[in-house]
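Dear colleague,

Please find the structure below, handed over for your records. My notes on it follow directly after.

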Amino acid sequence: MPTYVVRARDTKGNPRRQKITADSPAEARSTLREQGLFVQELTEDRGLFDKLSSFDLKDIQGAMTSVTVKDKAIFSRQFAVLINAGVALVRGLGVLSDQCANPKLKKALQEISSDVQQGTNLSDSMRKHPKCFDGLYTSMVQAGEVGGVLDEVMNRLAKLLEDTARLQNQIKSAMTYPMAVGFIAVSVFVGMTVFLLPIFANIFEELDAELPPFTAFMMLISQVLRTPIYSVTIIVLIIVLAFAYKQYYKTAVGRETMDRFFLKMPLFGDLIQKTATARFCRTFGALSRSGVPILTALEIVRDTAGNQVIANAVDEARREVQTGGMISLALQREQVFPVMAIQMISIGEETGEIDTMLMKVADFYEDEVEQAVKGLTSIMEPIMIVVIGGMVGSILVAMYLPMFKVMDAIK
């Protein structure tokens, strides 16, 4: 009887990791569901000998490759077309796996095709590959299988993934400029400090000129950067701080604290909130429209929120629904989502068209994110110019301040 490694969440939303023995993945999921656990990832625990005997270079290539949102969107769109055209699932999966350029997704599709050919449901087969198809994807596929509208659901998935990819690209475009300019600024500052300032330091030393405090401070920075032991110490300190931050962020308290700080950041906090609102509404609306039960949909949205504060608010809404309450009231108490979004969700609940209203809210806030990205980019440009000017200017001021004293001494 095989053993499976499980990554799940309990009814309170706390992460759990354990092993379970069962005849099949479906039986393992059923047992865990009876224990009140929501399964996020379930993989077979193979022995060391099995892993070594099945070692292959293609496995390394697949492990180093990630399945992007764009890859899944293209697969979903093509798969929907094949299903709509009457092509059998096994043949459709075979065709798409043959032309798939991503090695990890290609291998997953081949294994899924083999499982479906042996009688396994498509959604259960996809759940064996959580790195390719997450809980959101498999739940919508399952709803499509049960309702007999798999092609419709795949089209919705493709649209959802395409919107998600577009949103991610907008955010990346907003972050690329300041990161690139910041890297160039730091490189120029370090280069001038390490290579240019020492030349002037030797000149000032030969002239026996008294250095102003600011110049002396810059010379000290240059000396530190040029000393190997200090440079290595600084690099090690940066690595240690980055590692400590990652470890702190992995804790429940640390993740919530940092995510709450990100939401309140100037300039970026508003963008993060609008992005999270658009993602929540788009994902929840797509799940509801595909026939996924509302409690299951809220669990999936909670796990794909990307921000712990948002996830806690969604989890509170799920508890509210369990007791017969309304989602909008729970979200309003948490004060995480914008007021307009909550009001529109409340109207959707009252009219019984919450999925339609969620999609409208998602469209609105995706447009807001696009405008916020443009505004942020226009604000960051002059800020980065000032930062670069300040860094380079500080070097020039440090070099020229002593020259005035030297000239006075010569006179």
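The notes below cover the nonpolar cores, a strand pair and a cavity.

This is a predicted model, in which local features need pLDDT of at least 70 and side-chain atom pairs count only at pLDDT 80 or more, while totals for chains, interfaces and linings use all residues. Residues are numbered from 1 along each chain as its sequence is written, and side-chain values use heavy atoms, with hydrogens and water left out.

A nonpolar core is a set of buried Ala, Val, Leu, Ile, Met, Phe, Trp, Tyr and Cys residues joined through side-chain atoms within 4.5 Å; buried means under 20% relative accessible area, with a 1.4 Å probe and protein chains only. The largest such core has 79 residues, and Phe75 and Met154 touch the most other members. Helix H18 (residues 354–410) gives the most to this core, 12 residues; helices (H or I, at least four residues) and strands (E, at least two) are DSSP runs numbered from the N terminus. A second, separate core of 12 residues includes Met219 and Met391.

Strand E1 (residues 3–9) is largely enclosed by the rest of the structure, because five of its seven residues are buried. E1 pairs with strand E2 (residues 15–21) in the antiparallel sense over seven bridges, where pairing requires at least two DSSP bridges. Threonine 3 stands opposite threonine 21 in E2.

Finally, Ala276, Arg279 and Phe280 are among the residues that line the largest cavity, a cavity being a set of points on a 1 Å grid over the protein atoms alone where a 1.4 Å probe fits but cannot get out, with lining residues having an atom within 4 Å of a point. Helix H13 (residues 268–289) supplies the largest share of this lining, four residues.

Methods:
On a 1 Å grid over the protein atoms alone, a cavity is a set of points where a 1.4 Å probe fits but cannot get out, and a pocket is an open set with protein on both sides within 12 Å along at least five of seven lines; lining residues have an atom within 4 Å of a point. Buried means under 20% relative accessible area, exposed over 50%, partly exposed in between (1.4 Å probe, protein chains only).
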